[in-house]
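User: Hello! Could you walk me through a few local features of this model, one question at a time?

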Amino acid sequence: MGGNGAMGEHGASDLTGDANAQRVALVSLDFDAERSAVVAALAGAGVRVAVLGTAVAGSDLALPLGDDAAAVAAVERELGGIDILVVGAATPAPSAFVDADVTQWMTSVHEAVSAPFRLMRATAPALRRAGDSRMVLVGAGWGAAGTVNGTAGASVHGALVALTKTLARDLGPDGVIVNEIVVQPGSRPDTGALAAAVVYLASPAGSAVVGQVVTLGRGGEVRP
Amino acid sequence: MTPPPDSPVAIVTGAASGLGASVAAALSTAGWRVAGFDLRPSDTTLSVEVDVTDAAALAAAAARVARELGTADALVTVAGIYEELPLESITDDRWDRMLAVNIGGTVNACAAVVPQMLERGSGAIVTISSDLGLGGSQGDAHYAATKGAIVGFSRSLAGELEGRGIFVNSVAPGAADTPMLAADSPWRAESFLSTLPAGRLVRPDEIAAAVLFFLELRGACVGQVISPNAGATI
């Protein structure tokens, strides 16, 4: 863009809304750079942020991995509720399917799909209680199917696309808006773009985006 | 608030009313100077009355913007028409008109503005398609076809221009609360709205926010589609 910066770099929105009801996010992202960028952007938008794993700049609360129910309870207890869940997904390492041990293959897929699922399930009651809340999954989408020897990763991320879209229908009537942000394999954009997408989907202006896959980078499916 | 004279310039087609007016207002609030292209006057920095189906007139309008405001940093193609008709009622005239406004209006605007952007080596384009162009719907054959065409056009143009500093993306709204949606439209009926996860029509400002999202990312998205549709097309 040739603009003069009037819009600000990735133009963070203000998510504070009612000053008496500050929004709270729970962020679970494996990549340090992504976690730091997302937490900073949410905090910059006026959101109080809890993270799973080590604390990063801007986080108000850091919770240990491994017990999703306890983490959700701690966030509700310490920060007063949960309005936004940002959850990432791991991608199993590429391997030729014909050479793979099917038990190991299945274990890797099961773990990668189940980790975000378990956190989403554990957080859903809190998000229902909050109302006008958000689940934002960060994954690789159908683009994972384009990775050489990527059957396991493609299975994981295909499952997560379908999970996102199904949960959007199931939880939407309860005021929980579910979407996925896809970072295309091979065109990983700057973490600022991911953070901007999270802030956008979490903002009031993003509340009509329901069950969609917002793809960063280039390529991917026609249908979001 | 009037944006300062050195603020970025956006051309918005269909800026006089409905979604186009909302996009123009959102850009203005965000600090852009907006040139509004429409058949009627628009509340923009530079209002240009022009028919988007007239390629030569659009080229002249884009040249005027370059002279008076400077080369456009962004183009948002909102101008379009909608009607719901069963296949047998779509006459040749109605078909041609739908294609001329929705596809022609988008392509003409791009053809008018892209050369300026190429000369400078930067720019961003956001087309307005529709969730009906992604999923189709009963009684929307000609409208959905034009919007599907815009998705394909946008993604192809994105590939063609990304290496030259111009980034193209598309916003595909669902049924929105704009004048384009007739008061008696079935999309306004409770029987439809109750099927949506969000249970309501999309607000024009929510669509404008998606446009701004793409413009602010400055190339982090290339040939992508965001569909604010209240869950109508998942």
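**Packing and loops**

Analyst: Happy to, and please keep in mind that this is a predicted model. In chain A, the buried residues of helix 5 pack against helix 1 (32-44), strand 4 (84-88), strand 5, strand 6 (176-183) and strand 7 (213-218), together with helix 7 (204-217) of chain B.

User: How many of the 12 residues of helix 5 of chain A are buried?

Analyst: Helix 5 of chain A is mostly covered. Its buried residues include Thr191(A), Leu194(A), Val198(A), Tyr200(A) and Ala202(A). The count of buried residues in helix 5 of chain A is 11 of 12.

User: How far apart are the end C-alpha atoms of helix 5 of chain A?

Analyst: Helix 5 of chain A covers residues 191-202, which is 12 residues. At 1.5 Å a residue, helix 5 should therefore span 16 Å. The model agrees with that, as the end C-alpha atoms of helix 5 are apart by 17 Å.

User: Is Asp132(A) buried, partly exposed or exposed?

Analyst: Asp132(A) lies in the loop between helix 3 (102-130) and strand 5 (133-139) of chain A. Although not a glycine, Asp132(A) has a positive phi of about 45 degrees. Because Asp132(A) has 13 C-beta neighbours inside 10 Å, it counts as partly exposed.

User: What is the phi of Asn149(A)?

Analyst: Asn149(A) sits in the loop between strand 5 and helix 4 (151-171) of chain A. With 14 other C-beta atoms within 10 Å, Asn149(A) is partly exposed. Asn149(A) is not a glycine, yet its phi is positive, at about 55 degrees.

Methods: Residues numbered from 1 in each chain as written. Chains lettered and ligands numbered in written order. Predicted model: local features only at pLDDT ≥ 70, side-chain atom pairs only at ≥ 80, totals over all residues. Helix = DSSP H or I, 4+ residues; strand = E, 2+ residues; numbered from the N terminus. Buried ≥ 20, exposed ≤ 12 C-beta atoms within 10 Å, placed from the backbone. Expected span 1.5 Å × (residues − 1). Contact = placed C-beta atoms within 7 Å.
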